[in-house]
Structures are given as C-alpha cells and as structure tokens.
Amino acid sequence: MSQLFATTGTIAAIATAVVPQQGSVGIVRVSGDQAMSIAKTLFHTPGRQVWQTHRVLYGYIRHPQTQQLVDEALLLIMKAPRSYTREDVVEFHCHGGIMAVQQVLQLCLENGARLAQPGEFTLRAFLNGRLDLTQAEGIADLVGAKSPQAAQTALAGLKGKLAHPIRQLRANCLDILAEIEARIDFEEDLPPLDDKGIISEIEKIAAEISQLLATKDKGELLRTGLKVAIVGRPNVGKSSLLNAWSQSDRAIVTDLPGTTRDVVESQLVVGGIPVQVLDTAGIRETTDQVEKIGVERSRRAANAADLVLLTIDASAGWTQDDEEIYQQVQHRPLILVINKIDLVQESQSKNLHSQIPDGKSQIFTSAAQNQGIDALETAILQIVKAEKVQAADMDLAINQRQAAALTQAKISLQQVQATIEQQLPLDFWTIDLRGAIQALGEITGEEVTESVLDRIFSRFCIGK
C-alpha cells in the first residue's frame, strides 16, 4: 500500500501559503484523534473561554517544556463529524510570514502529529464519506482556478453537478444488469427479455455519456488556459499590443528594431478563459547572438501556442518578411493583426486587404491608440468556440481522468449492444455491462483503486 494510504494517526500541515513578509495570517491545520490533546498542550487561553466545537478561542501558543511564547493566535475547534475530514480538526491561526507557522507546525509534530501527505486532508474527507471523487477534484480545480469561469465550473463540481448524472447513469446500468441476471437465475419464472428495449436503454445511456464527454475540451481550456503567441517581424508593434491589451507596461517599447530579446508573458482573462499571452522577439535574420537566441525562442513559442497573432505594420504593408513568417505559422490557429492602422489612410487600408492572405481572421488595431482590442478578444473567442469548445453546458466540465472513464463506459456499452445483436447468451451481456458500471463508479469513487486515488490526491498541496 502506498504512503498516501497511510491515513491513520493525527496529521498536521501548514494550510496557507508561506511567503516572507507577506500574508497577515498563517494557518496550521491538525486532523485526527489527538488533535484536541495537541491543541490543549500548546494553546493557552486567558480567562474562562469554553473549549467547544465550532468556537474560536483567543490565546497564546507556548512551548510545552520551556513555556517560551511562540505566538499570539486564535484557535478554531471543529469536532468530528462536523469537520472537513469528519475527524477532530483544530486550526491554529497564527501571524503570517515564515517563522510563526513553521514553529507551530514543528511543535505539533513533536507532540503527536505527523506531517500530512499531499492531499491527505481531502483524502480523509473522501474515505470518511464527506466527499466523492468528483467533489474532491472540484476542490483542487477551485484552488487552481485561473478565471472566474473556471472557479464557477469547479464549484459546480464541488456541489455535485457532475456526480448526480454519473450516479444516475450507473444506477440505470445496474437496473439493466439486474434484469439480465434475473433472467439467468429464474429463466423459467419470468417473461423473456425485451432485446430492443434493452438496446434502446443502452443507447440513451451512451448518448448522455457523449454529452458529458463533449465538455472535456472546455474543461481542459478552463484549467490550463489558452496560450497565445504574438509574433511578427521587428518593430511592428508586438510589445505595444501586449501593453495595450494587458493595460500595463509589461514589455519595453522603443522605435529600435530588436528591442525584445526574450519571450515576455502576461496573464489575462478573455470571456472567462485564462489566457497566457507571449510577446516574442521579432523574427528576422540577425548576426547578434543574443537576438538570434530570442528569434529561435519566438519560433518555438509560436509552434507551442494554441493561437498565433501574426502582427504586421499597416504603414509598411505586407512585406516579404511577413510572408516568410506567415509560411512558418500558417498551420497554426491564426489571427492576422494589422497594427498601426492610425498611420495609414483609408485608401491604403483597402489596398492592404488585397495583399493579405485570404481565409484567416483579420483584425485592425492601433496599439498606440488602444484601438481594436475588443475586436481582437471577440475574434479569439470565436476561434475558441469553433476549435476548442463544443459543449453547451458552460457550468460543467470534465477532466482527463473522468473523460477516460466515460470513454471506457461508452465502449463497454457499445460492446453490450454488439453482443445482443449477435444473439450471444445472457452471460456474455453482463461482462461488458459490468465494465461500464465499474468505469462510471471510478468517476465518483464507488469503484476505486489505490492507484487512482494516489494519482488524484498526489497533485494536491500538502495542506489541503
């Protein structure tokens, strides 16, 4: 059994980020049968405060042997089963920073607790029946959410919006299995099975699974975000575009070609989707060794990006250098950004249309004047909708693990249909039907293996 499954005893961990000189409060969380005794050993309350569940006590944390003062703090008590883990839980709310929480954690470890494994608090909540696996994964997604939409989707999972349909699908499969097994055990006492009715039910279940699978790309997009690379030849306004878009001075802007030597990143949110924008060095032939490295990184960033913004200078028109860069990136999802439109007349703009390759989205901007940014974001969302997201239900999104289990369930159901159509004995029907039931149970945790739990909870932070 893996170390993750050593869920006996009392555990402790720092539940908040530890950052020097930042954070007003640091929390040390303790869960297990010794949580209360550890708290009473370390925490001293002035006056006649009552040690009751779901109360906050004020006092001092002292070293139990030397009585040296460690911190002035609050203590939150949550006795089983009314706690996150359904065990006795106490939280020491200390001053933030590094030293206070580290010292309090060390005292907890010296007085009966052990350091929690990554995700062990949430693992205990699952094993004690407080959460199912979809809710546990929703917690991880909420902690890592990069946009309000991602947070709302994670909350939907935490509230059981995914678990409910999965349980219903599994229950429907169990009903079909019960019907089949009843015919196997009591064939002479029951009427024959309605083969067409069974196939119809299986088709309905498979269709609902397909609807859930359609949310996978959207879920992946919300969790990992969209990587967008701004590319083009030097001095076309790539850095100015990044600054106008992010409303900051992330990139250095000058009139000198080759100012940007490395990839500059900025995190944005567009239509609820987290977007990582990469401002790259201008792509051109150069003898400058540092700039040459930057150009090579620009090419790699363009090839790795989900979307490329090929930026050109409207006042210079479509040049041979633009064409060469276009040939390198045209296989990627692409938007042509015609920048510096404020420097050209309307007649020049119309002439530019005839020079630019057809079939790609074209957006006219003036980064210096902060014009065209809204149109650019609209174009990005249109490409995302066309190429990334097909799901209509924006409150629900499955992850890769859940998608793999749903895919396996769908395949098993298709095999059941084939078995029925081949008129094989009833025993054969049950084999793949049980496979579908198991795959659906893996999503919520009703059918779960140690390796699955290990993979899920090892990605959590230690204090969660």
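I began with the contacts in this predicted model. Counting contacts between residues at least 6 apart in sequence, I found that 69% join residues at least 24 apart.

Next I looked up the secondary structure, and the chain has 16 helices and 13 strands. I then checked burial: of the 464 residues, 47% are buried. For the surface, I noted that the chain exposes about 22600 Å², with 49% of it supplied by carbon and sulfur atoms.

Then I turned to the nonpolar cores. The largest has 31 residues, and those touching the most other members are Ile 209, Leu 406, Leu 413, Leu 433 and Leu 440.

Setting aside neighbours within four places in sequence, Leu 413 contacts Cys 173, Ile 202, Ile 205, Ala 206, Ile 209, Leu 433 and Ala 436. I also noted a second, separate core of 27 residues, with Leu 222, Ile 230, Leu 268 and Leu 376 among them.

My last stop was the annotation. The UniProt record, an unreviewed entry, lists Ser 239 and Thr 260 under "binding site". I located Ser 239 in helix 9, which covers residues 238-246. Is Ser 239 buried or exposed? Ser 239 counts as buried because its relative accessibility is 9%, and the cut-off for buried is under 20%.

Methods
Residues are numbered from 1 along each chain as its sequence is written. This is a predicted model: local features need pLDDT of at least 70, side-chain atom pairs count only at pLDDT 80 or more; totals for chains, interfaces and linings use all residues. Side-chain values use heavy atoms; hydrogens and water are left out. UniProt positions are given in the numbering used here, feature names are shortened, and annotations may be inferred rather than shown by experiment. Helices (H or I, at least four residues) and strands (E, at least two) are DSSP runs, numbered from the N terminus. Buried means under 20% relative accessible area, exposed over 50%, partly exposed in between (1.4 Å probe, protein chains only). Contact means heavy atoms within 4.5 Å. Accessible areas come from the Shrake-Rupley method with a 1.4 Å probe; for residues, only the protein chains shown count as cover. A nonpolar core is a set of buried Ala, Val, Leu, Ile, Met, Phe, Trp, Tyr and Cys residues joined through side-chain atoms within 4.5 Å.
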